[in-house]
Amino acid sequence: AHWCPPCRQFTPQMAGWYTDNLAAKGLEVVFVSSDKDQGSFDSYFAEHPWLALPFSDRDRKEELSKKFKVNGIPSLVIVDPSTGDVITTDGRKAVSSDPTGEKLPWTPPTKAEKKEMCIKALGDSFVDKDGHNHTKADRLNKEYIGLYFSAHWCPPCQMFTPELAKMYDEGLKDKMEIVFVSSDKDEAAFQGYLGDMPWLALPFSKRDEKGVLSDEYGVQGIPTFVILDKDMNVVTTDGRSKVGQDPKGCLLYTSPSPRDS
């Protein structure tokens, strides 16, 4: 809609990508307007190089919004034109990361593929606060792995980190190895914050890998504590509350997250 600032920012980007690459690769776009009147629709649609649902067809607009569970705009839903099946409801993110459409139609990875992506992103090289390097084989060999998404600039993280460190030292470490996945702003902040942690960290230089882990585990804010089993299957993405209930890991976190069931 024209009244939506994020839409006005995204539309010219999408128009450029569509004109330069996406149309030729087989993507057709249909504008489904949330404008307030026909005049606003007409003015905004003039900036679009693709098709539009007629503004007068408000009933069909509401049906589409409901069908695709659109809760905010801009929203880009990718569907299979032959079946009408949804490929992804997160097309905005997909096209922003692949504006030339190399991976069009951006079919989301399967659960097994996501797991392999995360195994690859986590890698086999970790550091500790003393500057020592460690491998997966010599440290990630306990029953559980905790991925701790955190940053020094985050006040809730500063509160939770010493609590988690105390639990780790008092028994959690017997069942779980933790890996700090940093959202710090630079290497110096990362190193300073890691000094407060008795566990390992993903090297700060692995920013792309950090991004993959954050995306695939659905990290929306920090601190987030994701618990995996030793085979890298997700046990819960709500480890922060789970570990508070069971600080030594005695219950073995056997309830999977609904996100991953």
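A polar contact is a pair of N or O atoms within 3.5 Å, and this cut-off is needed for the first of the close-up views below, which are drawn from a predicted model.

**View 1. A polar contact between the side chains of S150 and Y148.** The side chain of S150 meets that of Y148 in a polar contact of 3.3 Å, a value that falls within the 3.5 Å limit. S150 belongs to strand β7, and its relative accessibility of 0% places this residue among those counted as buried. Y148 likewise has a relative accessibility of 0% and counts as buried.

**View 2. An edge-to-face aromatic pair formed by Y18 and W50.** By the rule applied to ring centres, the count of aromatic pairs in the model comes to 15. In one of them, Y18 and W50 are arranged edge-to-face, with 5.3 Å from centre to centre and 90° between the planes. Y18 lies in helix α1 (residues 5-22), whereas W50 lies in the loop between α2 and β2 (51-52), so the pair ties together parts that are 32 residues apart in sequence. Y18 is buried, with a relative accessible area of 7%, and W50 is buried as well, with a value of 9%.

**View 3. An edge-to-face aromatic pair formed by Y148 and W199.** The rings of Y148 and W199 are 6.0 Å apart from centre to centre, and the angle between their planes is 90°. Because Y148 lies in strand β7 (residues 144-150) and W199 in the loop between α8 (187-194) and β9 (200-201), the pair ties together parts that are 51 residues apart in sequence. W199 counts as buried at 1% relative accessibility. Ring pairs also link Y148 and W199 into a cluster with F160, Y168, F180, F190, Y193, F204 and F225.

**View 4. Arginine residues over the faces of aromatic rings, shown for R58 and R207.** R58 lies over the face of F55, at 4.2 Å from the ring centre. R207 lies over the face of F204, at 4.1 Å from the ring centre, and F204 is one of the residues in the cluster that ring pairs link together.

**View 5. A nonpolar surface patch formed by V30, V32 and L51.** Together, V30, V32 and L51 have about 240 Å² of accessible area in this patch on the surface. V32 is found in the loop between β1 (30-31) and α2 (38-45), and with a relative accessible area of 32% V32 is partly exposed.

Technical notes:
Residues numbered from 1 in each chain as written. Predicted model: local features only at pLDDT ≥ 70, side-chain atom pairs only at ≥ 80, totals over all residues. Heavy atoms only, no water. Patch = residues over 30% accessible without salt bridge, like charges linked within 9 Å, V, L, I, M, F, W, Y side chains within 5 Å. Areas by Shrake-Rupley, 256 points an atom, 1.4 Å probe, with all protein chains shown as cover. Salt bridge = Lys/Arg side-chain N within 4 Å of Asp/Glu carboxyl O. Helix = DSSP H or I, 4+ residues; strand = E, 2+ residues; numbered from the N terminus. Buried < 20%, exposed > 50% of the residue type's maximum accessible area, 1.4 Å probe, protein only. Phe/Tyr/Trp six-rings, centres within 6.5 Å; stacked < 30°, edge-to-face > 60°. Lys NZ or Arg CZ within 6 Å of the ring centre and 35° of its normal. Polar contact = N/O pair within 3.5 Å; in protein donor to acceptor, adjacent residues only side chain to side chain.
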